[in-house]
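Hello,

Here is the structure you will be working with. My notes on it follow below.

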Amino acid sequence: MIITKRLAAGACALLAALAGGIVPANAADGPPKDSPKVELVLDVSGSMRAQDVDGGSRTRMAAAQQAFNEVIDAVPDGVRLGIRTLGADYSGDDKATGCRDSRQLYPVGKVNRTEAKAAVATLRPTGWTPIGYALRGADQDLGKDGGTRRIVLITDGEDSCGMPDPCDVARELAAKGTHLTIDTLGLAQDDKTREQLSCIAEATGGTYTTVRHTKELSGRIKQLVRRAETPVETPRPTRGANECSAAPELGAGIWTDRATFGEHRWYRVKVKPGQELRASASVAADRAVDRDYGVLVRAVGEGGQELVRGSDAGSGRTDVMASGLRLPLWKKAEDDKEARTVCLEVSHSFSAPASVKRDPGLPVELAVDLVKAPDNPSDLAAFGLGRGWVLLAVLAVTGLLAGLLWGWLARWRIAVWREN
(Lines give C-alpha, C1' and ligand atoms only; values in the text may rest on other atoms or scores of the structure.)
Protein backbone atom coordinates (compact mmCIF):
# COMPACT_ATOMS: atom_id res chain seq x y z
CA MET A 1 0.00 0.00 0.00
CA ILE A 2 2.81 2.39 0.93
CA ILE A 3 4.68 1.47 -2.25
CA THR A 4 1.51 2.09 -4.32
CA LYS A 5 1.06 5.55 -2.75
CA ARG A 6 4.67 6.44 -3.40
CA LEU A 7 4.37 5.36 -7.03
CA ALA A 8 1.22 7.44 -7.43
CA ALA A 9 2.90 10.47 -5.86
CA GLY A 10 5.91 10.04 -8.12
CA ALA A 11 3.68 9.81 -11.20
CA CYS A 12 1.85 13.00 -10.19
CA ALA A 13 5.14 14.79 -9.64
CA LEU A 14 6.36 13.63 -13.05
CA LEU A 15 3.17 14.84 -14.75
CA ALA A 16 3.43 18.19 -12.95
CA ALA A 17 7.02 18.58 -14.09
CA LEU A 18 6.11 17.73 -17.66
CA ALA A 19 3.19 20.17 -17.57
CA GLY A 20 5.45 22.86 -16.14
CA GLY A 21 7.87 22.30 -18.99
CA ILE A 22 5.20 22.25 -21.67
CA VAL A 23 3.35 25.43 -20.68
CA PRO A 24 6.33 27.77 -20.86
CA ALA A 25 7.32 26.25 -24.20
CA ASN A 26 3.88 26.96 -25.65
CA ALA A 27 3.87 30.44 -24.14
CA ALA A 28 7.23 31.11 -25.69
CA ASP A 29 5.78 30.34 -29.12
CA GLY A 30 3.45 33.34 -28.91
CA PRO A 31 4.32 37.02 -29.34
CA PRO A 32 6.03 38.63 -26.31
CA LYS A 33 4.11 40.95 -23.99
CA ASP A 34 5.59 44.08 -25.52
CA SER A 35 4.51 43.10 -29.04
CA PRO A 36 1.92 45.24 -30.88
CA LYS A 37 -1.78 44.53 -30.41
CA VAL A 38 -4.62 44.98 -32.90
CA GLU A 39 -8.34 44.53 -32.33
CA LEU A 40 -10.73 44.37 -35.27
CA VAL A 41 -14.12 45.85 -34.36
CA LEU A 42 -16.81 44.65 -36.77
CA ASP A 43 -20.27 46.13 -37.20
CA VAL A 44 -22.81 43.26 -37.27
CA SER A 45 -25.92 45.47 -37.18
CA GLY A 46 -28.97 44.79 -39.31
CA SER A 47 -27.86 47.13 -42.10
CA MET A 48 -24.98 44.77 -42.89
CA ARG A 49 -27.52 42.65 -44.79
CA ALA A 50 -27.46 45.17 -47.64
CA GLN A 51 -26.25 43.61 -50.88
CA ASP A 52 -24.20 46.36 -52.50
CA VAL A 53 -20.57 45.19 -52.28
CA ASP A 54 -18.63 44.02 -55.36
CA GLY A 55 -21.14 45.65 -57.65
CA GLY A 56 -24.17 44.28 -55.79
CA SER A 57 -23.15 40.63 -55.94
CA ARG A 58 -22.41 40.26 -52.23
CA THR A 59 -23.80 41.43 -48.90
CA ARG A 60 -21.71 43.65 -46.66
CA MET A 61 -21.60 40.90 -44.04
CA ALA A 62 -20.38 38.24 -46.47
CA ALA A 63 -17.68 40.59 -47.74
CA ALA A 64 -16.53 41.35 -44.19
CA GLN A 65 -16.43 37.65 -43.25
CA GLN A 66 -14.33 36.75 -46.29
CA ALA A 67 -12.00 39.67 -45.65
CA PHE A 68 -11.60 38.63 -42.00
CA ASN A 69 -10.70 35.06 -43.03
CA GLU A 70 -8.01 36.37 -45.36
CA VAL A 71 -6.69 38.71 -42.68
CA ILE A 72 -6.58 35.92 -40.08
CA ASP A 73 -4.49 33.81 -42.47
CA ALA A 74 -2.04 36.70 -42.99
CA VAL A 75 -1.54 37.91 -39.39
CA PRO A 76 2.22 38.42 -38.76
CA ASP A 77 3.72 36.22 -36.03
CA GLY A 78 4.77 39.30 -34.06
CA VAL A 79 1.25 40.77 -33.75
CA ARG A 80 -1.41 39.90 -31.17
CA LEU A 81 -4.88 40.04 -32.75
CA GLY A 82 -8.38 40.14 -31.30
CA ILE A 83 -11.92 40.59 -32.64
CA ARG A 84 -14.85 42.48 -31.11
CA THR A 85 -18.38 42.81 -32.50
CA LEU A 86 -21.09 45.40 -32.14
CA GLY A 87 -24.77 44.79 -32.81
CA ALA A 88 -24.30 41.02 -33.12
CA ASP A 89 -26.68 39.68 -30.45
CA TYR A 90 -29.72 41.84 -29.71
CA SER A 91 -32.38 42.32 -32.39
CA GLY A 92 -35.09 43.96 -30.25
CA ASP A 93 -36.34 47.56 -30.07
CA ASP A 94 -35.11 48.46 -26.58
CA LYS A 95 -32.47 51.13 -27.22
CA ALA A 96 -30.83 50.83 -23.81
CA THR A 97 -30.16 47.13 -24.42
CA GLY A 98 -29.22 47.53 -28.08
CA CYS A 99 -26.71 50.26 -27.27
CA ARG A 100 -24.79 47.89 -24.97
CA ASP A 101 -24.67 45.10 -27.55
CA SER A 102 -20.93 44.65 -27.96
CA ARG A 103 -18.71 41.72 -26.96
CA GLN A 104 -15.26 40.33 -27.58
CA LEU A 105 -15.55 37.55 -30.14
CA TYR A 106 -11.90 36.45 -29.99
CA PRO A 107 -9.38 37.48 -27.29
CA VAL A 108 -6.30 39.54 -28.13
CA GLY A 109 -3.29 37.26 -28.42
CA LYS A 110 -1.67 34.67 -30.64
CA VAL A 111 -4.20 33.67 -33.28
CA ASN A 112 -5.51 30.14 -33.61
CA ARG A 113 -6.67 30.47 -37.20
CA THR A 114 -9.21 27.65 -37.04
CA GLU A 115 -10.91 28.97 -33.90
CA ALA A 116 -10.91 32.58 -35.08
CA LYS A 117 -12.45 31.70 -38.47
CA ALA A 118 -15.08 29.50 -36.80
CA ALA A 119 -16.08 32.40 -34.55
CA VAL A 120 -16.39 34.80 -37.51
CA ALA A 121 -18.49 32.29 -39.46
CA THR A 122 -21.23 32.34 -36.78
CA LEU A 123 -21.94 36.06 -37.19
CA ARG A 124 -25.27 37.20 -38.67
CA PRO A 125 -26.48 40.83 -39.11
CA THR A 126 -28.67 41.53 -36.11
CA GLY A 127 -29.02 44.75 -34.16
CA TRP A 128 -27.97 48.30 -33.35
CA THR A 129 -24.72 50.23 -34.00
CA PRO A 130 -23.19 51.23 -30.62
CA ILE A 131 -19.82 52.41 -31.97
CA GLY A 132 -18.84 54.55 -28.97
CA TYR A 133 -19.62 51.76 -26.50
CA ALA A 134 -17.67 49.24 -28.61
CA LEU A 135 -14.60 51.49 -28.80
CA ARG A 136 -14.43 51.69 -25.02
CA GLY A 137 -14.70 47.92 -24.84
CA ALA A 138 -11.92 47.50 -27.42
CA ASP A 139 -9.68 49.80 -25.41
CA GLN A 140 -10.14 47.54 -22.38
CA ASP A 141 -9.55 44.42 -24.50
CA LEU A 142 -6.15 45.71 -25.63
CA GLY A 143 -4.98 46.21 -22.05
CA LYS A 144 -1.94 48.20 -20.96
CA ASP A 145 0.80 45.57 -20.73
CA GLY A 146 3.12 47.26 -23.24
CA GLY A 147 3.29 47.39 -27.02
CA THR A 148 1.50 49.66 -29.43
CA ARG A 149 -2.29 49.44 -29.59
CA ARG A 150 -4.45 49.74 -32.70
CA ILE A 151 -8.20 49.45 -33.25
CA VAL A 152 -9.54 48.86 -36.77
CA LEU A 153 -13.25 49.71 -36.95
CA ILE A 154 -15.26 48.32 -39.88
CA THR A 155 -18.81 49.65 -40.17
CA ASP A 156 -21.42 50.54 -42.77
CA GLY A 157 -23.00 53.46 -40.94
CA GLU A 158 -22.82 56.02 -38.19
CA ASP A 159 -23.47 55.33 -34.52
CA SER A 160 -27.20 54.73 -33.90
CA CYS A 161 -27.05 55.32 -30.14
CA GLY A 162 -25.61 58.80 -29.67
CA MET A 163 -24.41 58.21 -26.12
CA PRO A 164 -21.54 57.97 -25.75
CA ASP A 165 -20.66 59.98 -28.85
CA PRO A 166 -17.97 58.05 -30.82
CA CYS A 167 -15.91 61.19 -31.54
CA ASP A 168 -15.88 62.11 -27.84
CA VAL A 169 -14.88 58.54 -26.96
CA ALA A 170 -12.01 58.66 -29.47
CA ARG A 171 -10.75 61.95 -27.98
CA GLU A 172 -11.12 60.50 -24.49
CA LEU A 173 -9.05 57.42 -25.41
CA ALA A 174 -6.41 59.54 -27.15
CA ALA A 175 -6.10 61.75 -24.06
CA LYS A 176 -5.08 58.74 -21.96
CA GLY A 177 -1.71 58.70 -23.71
CA THR A 178 -1.67 54.91 -24.12
CA HIS A 179 -0.40 54.90 -27.71
CA LEU A 180 -3.78 54.01 -29.18
CA THR A 181 -4.58 54.53 -32.86
CA ILE A 182 -8.03 54.02 -34.35
CA ASP A 183 -8.37 53.40 -38.09
CA THR A 184 -11.86 53.39 -39.62
CA LEU A 185 -13.19 51.70 -42.75
CA GLY A 186 -16.60 52.64 -44.13
CA LEU A 187 -18.72 50.29 -46.24
CA ALA A 188 -21.17 53.12 -47.02
CA GLN A 189 -20.44 56.44 -48.72
CA ASP A 190 -22.99 58.82 -47.18
CA ASP A 191 -21.68 62.13 -45.83
CA LYS A 192 -22.73 61.57 -42.19
CA THR A 193 -20.89 58.26 -41.96
CA ARG A 194 -17.80 59.72 -43.62
CA GLU A 195 -17.80 62.71 -41.26
CA GLN A 196 -18.14 60.60 -38.12
CA LEU A 197 -15.57 57.97 -39.10
CA SER A 198 -13.11 60.70 -40.17
CA CYS A 199 -13.57 62.40 -36.80
CA ILE A 200 -12.89 59.15 -34.90
CA ALA A 201 -9.74 58.42 -36.89
CA GLU A 202 -8.42 61.98 -36.76
CA ALA A 203 -8.74 62.17 -32.97
CA THR A 204 -6.13 59.41 -32.55
CA GLY A 205 -3.93 60.01 -35.59
CA GLY A 206 -5.55 57.18 -37.54
CA THR A 207 -6.89 56.94 -41.07
CA TYR A 208 -10.32 56.75 -42.69
CA THR A 209 -10.94 54.69 -45.84
CA THR A 210 -14.08 54.06 -47.88
CA VAL A 211 -14.26 50.55 -49.38
CA ARG A 212 -16.73 49.12 -51.90
CA HIS A 213 -15.10 45.80 -52.79
CA THR A 214 -14.09 42.74 -50.79
CA LYS A 215 -10.55 42.85 -52.18
CA GLU A 216 -10.17 46.49 -51.06
CA LEU A 217 -11.48 45.68 -47.58
CA SER A 218 -9.18 42.69 -47.14
CA GLY A 219 -6.14 44.52 -48.50
CA ARG A 220 -6.65 47.57 -46.32
CA ILE A 221 -7.12 45.58 -43.08
CA LYS A 222 -4.00 43.52 -43.86
CA GLN A 223 -2.07 46.73 -44.44
CA LEU A 224 -3.18 48.19 -41.10
CA VAL A 225 -2.36 44.99 -39.21
CA ARG A 226 1.11 44.88 -40.79
CA ARG A 227 1.58 48.56 -39.97
CA ALA A 228 1.08 47.74 -36.29
CA GLU A 229 4.22 45.60 -36.44
CA THR A 230 6.30 48.62 -37.52
CA PRO A 231 4.38 51.53 -35.98
CA VAL A 232 4.96 55.14 -36.92
CA GLU A 233 5.62 57.83 -34.35
CA THR A 234 2.51 59.14 -32.63
CA PRO A 235 2.17 62.92 -33.11
CA ARG A 236 2.24 65.07 -29.98
CA PRO A 237 -0.21 67.94 -29.54
CA THR A 238 0.99 71.55 -29.38
CA ARG A 239 -0.53 75.00 -29.73
CA GLY A 240 1.22 77.59 -31.86
CA ALA A 241 1.13 81.31 -31.02
CA ASN A 242 0.35 84.41 -33.05
CA GLU A 243 3.92 85.68 -32.69
CA CYS A 244 7.37 84.18 -32.24
CA SER A 245 8.01 85.56 -28.75
CA ALA A 246 5.04 83.66 -27.33
CA ALA A 247 5.52 80.51 -29.40
CA PRO A 248 6.01 77.07 -27.80
CA GLU A 249 9.46 75.47 -28.05
CA LEU A 250 9.47 72.24 -30.06
CA GLY A 251 12.06 69.49 -30.20
CA ALA A 252 12.58 66.84 -32.84
CA GLY A 253 9.40 64.88 -33.48
CA ILE A 254 5.95 65.10 -35.01
CA TRP A 255 3.52 67.70 -33.66
CA THR A 256 -0.16 68.41 -34.29
CA ASP A 257 -2.05 71.68 -34.08
CA ARG A 258 -5.05 73.44 -35.65
CA ALA A 259 -5.18 76.67 -37.60
CA THR A 260 -8.30 78.54 -38.64
CA PHE A 261 -8.64 80.15 -42.07
CA GLY A 262 -6.10 82.94 -42.54
CA GLU A 263 -4.29 82.21 -39.27
CA HIS A 264 -0.48 82.22 -38.91
CA ARG A 265 0.98 79.80 -36.34
CA TRP A 266 4.44 80.34 -34.79
CA TYR A 267 6.76 77.81 -33.13
CA ARG A 268 10.34 77.98 -31.81
CA VAL A 269 13.16 75.46 -32.28
CA LYS A 270 16.60 75.52 -30.60
CA VAL A 271 19.31 74.69 -33.14
CA LYS A 272 22.82 74.01 -31.84
CA PRO A 273 25.96 74.94 -33.80
CA GLY A 274 26.71 72.20 -36.29
CA GLN A 275 23.07 71.12 -36.58
CA GLU A 276 20.76 71.32 -39.59
CA LEU A 277 17.08 72.04 -39.07
CA ARG A 278 14.61 70.19 -41.28
CA ALA A 279 10.95 71.03 -40.96
CA SER A 280 7.81 70.25 -42.92
CA ALA A 281 4.19 71.14 -42.36
CA SER A 282 1.00 69.67 -43.78
CA VAL A 283 -2.51 71.09 -43.59
CA ALA A 284 -5.47 68.75 -44.05
CA ALA A 285 -8.66 69.91 -45.75
CA ASP A 286 -11.13 68.06 -43.56
CA ARG A 287 -14.09 70.04 -44.89
CA ALA A 288 -15.27 71.65 -48.14
CA VAL A 289 -12.78 74.33 -49.23
CA ASP A 290 -12.41 76.64 -52.21
CA ARG A 291 -10.38 75.44 -55.17
CA ASP A 292 -7.22 77.58 -54.80
CA TYR A 293 -4.95 77.10 -51.77
CA GLY A 294 -1.35 77.01 -50.59
CA VAL A 295 0.92 76.29 -47.60
CA LEU A 296 3.92 78.37 -46.50
CA VAL A 297 6.65 77.42 -44.01
CA ARG A 298 9.22 80.09 -43.01
CA ALA A 299 12.30 79.99 -40.79
CA VAL A 300 12.97 83.38 -39.18
CA GLY A 301 16.00 84.44 -37.12
CA GLU A 302 15.93 86.05 -33.69
CA GLY A 303 16.27 89.48 -35.26
CA GLY A 304 13.19 88.96 -37.43
CA GLN A 305 15.06 88.34 -40.68
CA GLU A 306 13.82 85.55 -42.92
CA LEU A 307 16.36 82.72 -43.23
CA VAL A 308 14.66 80.35 -45.65
CA ARG A 309 11.17 79.41 -46.76
CA GLY A 310 9.28 76.62 -48.47
CA SER A 311 5.88 76.82 -50.12
CA ASP A 312 3.49 74.89 -52.31
CA ALA A 313 0.14 75.67 -53.88
CA GLY A 314 -2.58 73.84 -55.73
CA SER A 315 -5.99 74.06 -57.29
CA GLY A 316 -8.91 71.66 -57.28
CA ARG A 317 -9.85 68.98 -54.77
CA THR A 318 -7.24 67.89 -52.23
CA ASP A 319 -7.03 66.16 -48.87
CA VAL A 320 -3.60 67.40 -47.73
CA MET A 321 -1.21 70.17 -48.82
CA ALA A 322 2.37 70.17 -47.51
CA SER A 323 5.64 72.08 -47.75
CA GLY A 324 9.02 72.04 -46.02
CA LEU A 325 12.46 73.58 -45.64
CA ARG A 326 16.00 72.80 -44.49
CA LEU A 327 18.31 75.23 -42.70
CA PRO A 328 22.01 74.31 -42.34
CA LEU A 329 23.99 76.53 -39.94
CA TRP A 330 27.71 77.31 -39.78
CA LYS A 331 29.62 76.20 -36.70
CA LYS A 332 31.22 79.45 -35.54
CA ALA A 333 33.98 78.05 -33.35
CA GLU A 334 35.09 74.85 -31.68
CA ASP A 335 34.08 76.09 -28.22
CA ASP A 336 30.79 77.64 -29.38
CA LYS A 337 28.02 75.54 -27.83
CA GLU A 338 25.26 78.13 -27.56
CA ALA A 339 22.04 77.14 -29.33
CA ARG A 340 20.34 79.49 -31.73
CA THR A 341 16.59 80.09 -31.65
CA VAL A 342 14.84 79.71 -34.99
CA CYS A 343 11.20 80.70 -35.34
CA LEU A 344 9.01 78.63 -37.64
CA GLU A 345 5.93 80.21 -39.16
CA VAL A 346 3.26 77.97 -40.67
CA SER A 347 0.44 79.56 -42.65
CA HIS A 348 -2.03 78.47 -45.28
CA SER A 349 -4.30 80.13 -47.80
CA PHE A 350 -7.24 77.73 -47.60
CA SER A 351 -10.61 79.45 -47.76
CA ALA A 352 -14.16 78.17 -47.70
CA PRO A 353 -17.75 79.27 -48.40
CA ALA A 354 -19.53 81.11 -45.59
CA SER A 355 -21.66 78.03 -44.85
CA VAL A 356 -18.61 75.96 -43.82
CA LYS A 357 -17.72 75.76 -40.12
CA ARG A 358 -14.58 77.67 -39.08
CA ASP A 359 -14.00 76.02 -35.70
CA PRO A 360 -12.11 73.94 -34.95
CA GLY A 361 -9.40 74.99 -37.39
CA LEU A 362 -7.87 72.80 -40.05
CA PRO A 363 -5.55 70.01 -38.77
CA VAL A 364 -1.86 70.94 -39.00
CA GLU A 365 0.96 68.40 -38.68
CA LEU A 366 4.49 69.70 -38.19
CA ALA A 367 7.55 67.42 -38.48
CA VAL A 368 10.79 68.74 -36.95
CA ASP A 369 14.18 67.04 -37.26
CA LEU A 370 17.66 68.14 -36.16
CA VAL A 371 20.58 66.37 -37.84
CA LYS A 372 24.32 66.92 -38.20
CA ALA A 373 24.90 69.69 -40.72
CA PRO A 374 27.30 69.21 -43.65
CA ASP A 375 30.76 70.76 -43.16
CA ASN A 376 30.36 73.13 -46.11
CA PRO A 377 26.67 73.39 -47.00
CA SER A 378 26.19 74.78 -50.47
CA ASP A 379 22.86 76.35 -49.66
CA LEU A 380 23.85 77.96 -46.36
CA ALA A 381 21.45 80.64 -45.18
CA ALA A 382 23.87 83.46 -44.33
CA PHE A 383 22.58 86.67 -42.75
CA GLY A 384 19.06 85.89 -43.84
CA LEU A 385 19.73 85.96 -47.58
CA GLY A 386 20.08 82.23 -48.25
CA ARG A 387 21.54 81.85 -51.72
CA GLY A 388 21.05 85.56 -52.33
CA TRP A 389 24.76 86.26 -51.79
CA VAL A 390 25.64 84.16 -54.82
CA LEU A 391 22.97 85.89 -56.86
CA LEU A 392 24.12 89.30 -55.62
CA ALA A 393 27.72 88.53 -56.64
CA VAL A 394 26.61 87.38 -60.09
CA LEU A 395 24.51 90.50 -60.56
CA ALA A 396 27.39 92.76 -59.42
CA VAL A 397 29.89 91.17 -61.82
CA THR A 398 27.35 91.23 -64.64
CA GLY A 399 26.57 94.88 -63.96
CA LEU A 400 30.27 95.78 -63.87
CA LEU A 401 30.97 94.04 -67.18
CA ALA A 402 27.88 95.56 -68.76
CA GLY A 403 28.96 99.02 -67.58
CA LEU A 404 32.48 98.61 -68.93
CA LEU A 405 31.16 97.33 -72.26
CA TRP A 406 28.67 100.17 -72.54
CA GLY A 407 31.33 102.75 -71.72
CA TRP A 408 33.73 101.30 -74.27
CA LEU A 409 31.02 101.33 -76.96
CA ALA A 410 30.10 104.90 -76.10
CA ARG A 411 33.72 106.08 -76.38
CA TRP A 412 34.11 104.18 -79.66
CA ARG A 413 31.04 105.86 -81.13
CA ILE A 414 32.27 109.30 -80.06
CA ALA A 415 35.69 108.64 -81.61
CA VAL A 416 34.09 107.53 -84.86
CA TRP A 417 31.83 110.60 -84.88
CA ARG A 418 34.80 112.96 -84.41
CA GLU A 419 36.75 111.33 -87.25
CA ASN A 420 33.82 111.76 -89.61
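Glu158, Asp190, Asp191 and Glu195 form a negative surface patch. A patch takes residues with over 30% relative accessible area and no salt bridge; like charges are joined within 9 Å, and nonpolar side chains (Val, Leu, Ile, Met, Phe, Trp, Tyr) within 5 Å. Asp and Glu count as negative and Lys and Arg as positive, while His and the chain ends are not counted. The place of a charge is NZ of Lys, CZ of Arg, CG of Asp or CD of Glu. Accessible areas come from the Shrake-Rupley method with a 1.4 Å probe, and for residues only the protein chains shown count as cover.

The model is predicted: local features need pLDDT of at least 70, side-chain atom pairs count only at pLDDT 80 or more, and totals for chains, interfaces and linings use all residues. Residues are numbered from 1 along each chain as its sequence is written, and side-chain values use heavy atoms, with hydrogens and water left out.

One member of the patch, glutamate 195, sits in helix 7 (residues 191-203). Helices (H or I, at least four residues) and strands (E, at least two) are DSSP runs, numbered from the N terminus. Glutamate 195 counts as exposed because its relative accessibility is 59%. The cut-offs are under 20% relative accessible area for buried and over 50% for exposed, with partly exposed in between (1.4 Å probe, protein chains only).

Five strands make an open sheet with mixed pairing, in the order 8-10-15-12-13. Strand 8 (249-250) and strand 13 (306-315) are at the edges with a single partner strand each, so one side of each has no neighbour in the sheet. Two strands pair if DSSP finds at least two bridges between them.

Strand 15 (residues 340-348) pairs with strand 10 (residues 264-271) in the antiparallel sense over eight bridges. Across this pairing, valine 346 in strand 15 is the bridge partner of arginine 265, and cysteine 343 in strand 15 stands opposite arginine 268. Strand 15 also pairs with strand 12, again in the antiparallel sense, over six bridges. Here serine 347 of strand 15 stands opposite leucine 296. How much of strand 15 is covered? Eight of its nine residues are buried.

Salt bridges

The structure holds 20 salt bridges; the term means a side-chain nitrogen of Lys or Arg within 4 Å of a carboxyl oxygen of Asp or Glu. Side chains of opposite charge can pair when their charged atoms come close.

Glutamate 345 is in strand 15 and arginine 298 in strand 12 (residues 292-300), so the pair ties together parts 47 residues apart in sequence. Glutamate 345 is buried, at 6% relative accessible area, and arginine 298 is buried at 17%.

Aspartate 183 and arginine 150 form another salt bridge (2.3 Å, N to O). Aspartate 183 belongs to strand 5 (residues 180-186) and arginine 150 to strand 4 (residues 149-155), 33 residues apart. Both aspartate 183 and arginine 150 are buried.

Arginine 212 and aspartate 52 also form a salt bridge, their closest N and O atoms being 3.7 Å apart. Arginine 212 lies in the loop between strand 6 (208-210) and helix 8 (214-229), and aspartate 52 in the loop between strand 1 (37-43) and helix 2 (60-73), so the pair ties together parts 160 residues apart in sequence. Arginine 212 is partly exposed at 23% relative accessibility. Asp52 and Arg212 belong to a network of salt bridges with Arg60 and Asp156.

Regards
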